[in-house]
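Work through the exercises below with the sequence and the model side by side. Try each task before reading its solution.

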Amino acid sequence: MDKNKPSRLYFIDKKEDLIQAKRTTVTLDGRDILIIYHQRKFYAMDLQCYHAGSSLELGDIEEINNKLCIVCPKHKYKITLAEGEGLYKGTDPADEVPTPQWFSKGIKQRVHKVTEVDEDIFVTLSNCPGRVESDYYQTEKGRAQLRKAQELEDAEADVNADEDV
């Protein structure tokens, strides 16, 4: 993201409408964003999972290590809603008795600021410097990869439908 570009508030919708919808996707300044309302709070993040570009829109929300996370429906990657941190469960081989625990992969998914003003909800796109892995799917190359994957998936579905007839 361009840290020199001034931040801008984008109007999303009325608070009540977003609460009822629970999840909404929008494109802001060419960037696909998922807005989530969960446990009386709004979150915004890049729509495509940092791992392989799958949509997070239908991902389950789970609490992991006292952090709310969205779980990618395709590959089950866990991403914190507030920070965009990737989490994984593993063991420390140095432990005498390896006990599975949650570890951080660091920030992998770009999150954006949600602001409420007079019952209206706005999003400010993150302008944090440096690359975050989910940025890739906001580029033309990343979008082309997503389109190609969708075409292959659609073709496979057509073949499977033909076999069922």
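This is a predicted model: local features need pLDDT of at least 70, side-chain atom pairs count only at pLDDT 80 or more; totals for chains, interfaces and linings use all residues.

**Exercise 1.** Describe the chain as a whole, beginning with its elements.

*Solution.* Step 1: The chain has 2 helices and 11 strands, and from the N terminus on its elements run β-α-β-β-β-β-β-β-β-β-β-β-α.

Step 1: Taken along the principal axes, the C-alpha atoms of the chain fill a box of roughly 55 × 50 × 35 Å. Of the 165 residues in the chain, 38% are buried.

Step 2: Among contacts between residues at least 6 apart in sequence, 47% join residues at least 24 apart.

Step 3: The chain exposes about 10200 Å², of which carbon and sulfur atoms supply 48%; the areas come from the Shrake-Rupley method with a 1.4 Å probe, and for residues only the protein chains shown count as cover.

Step 4: There are 24 positive and 31 negative side chains, and the centres of the two sets lie 6 Å apart. Lys and Arg count as positive and Asp and Glu as negative, with His and the chain ends not counted, and the place of a charge is taken as NZ of Lys, CZ of Arg, CG of Asp or CD of Glu.

**Exercise 2.** Is S134 buried or exposed, and which residues are in contact with S134?

*Solution.* Step 1: S134 lies in the loop between β11 (120-124) and α2 (140-164). Because its relative accessibility is 0%, S134 counts as buried.

Step 1: Apart from neighbours within four places in sequence, S134 is in contact with D46, Q48, Y50, K108, Q109 and R110.

Step 2: The side chains of S134 and D46 are joined by a polar contact of 2.8 Å. A polar contact is a pair of N or O atoms within 3.5 Å; within protein, one must be able to donate a hydrogen and the other to accept it, and residues adjacent in sequence count only if both atoms are side-chain atoms.

**Exercise 3.** How many aromatic pairs does the count come to? Examine two of them.

*Solution.* Step 1: Rings of Phe, Tyr and Trp (its six-membered ring) pair if their centres lie within 6.5 Å, and planes under 30 degrees apart count as stacked, over 60 as edge-to-face and the rest as tilted. By this rule the count comes to 5 aromatic pairs.

Step 1: One of them is the edge-to-face pair of Y50 and Y77, at 5.7 Å centre to centre and with 75 degrees between the planes. Since Y50 lies in the loop between β4 (41-46) and β5 (60-64) and Y77 in the loop between β6 (67-71) and β7 (78-80), the pair ties together parts 27 residues apart in sequence. Y50 is buried, with a relative accessible area of 6%, whereas Y77 is partly exposed, at 23%.

Step 2: Y88 and F103 form a stacked pair, at 5.5 Å centre to centre and with 25 degrees between the planes. Y88 lies in strand β8 (residues 85-90) and F103 in strand β9 (residues 101-107), so this pair ties together parts 15 residues apart in sequence. Y88 is partly exposed, with a relative accessible area of 37%, and F103 is partly exposed, at 25%.

Technical notes:
Residues are numbered from 1 along each chain as its sequence is written. Side-chain values use heavy atoms; hydrogens and water are left out. Helices (H or I, at least four residues) and strands (E, at least two) are DSSP runs, numbered from the N terminus. Buried means under 20% relative accessible area, exposed over 50%, partly exposed in between (1.4 Å probe, protein chains only). Contact means heavy atoms within 4.5 Å.
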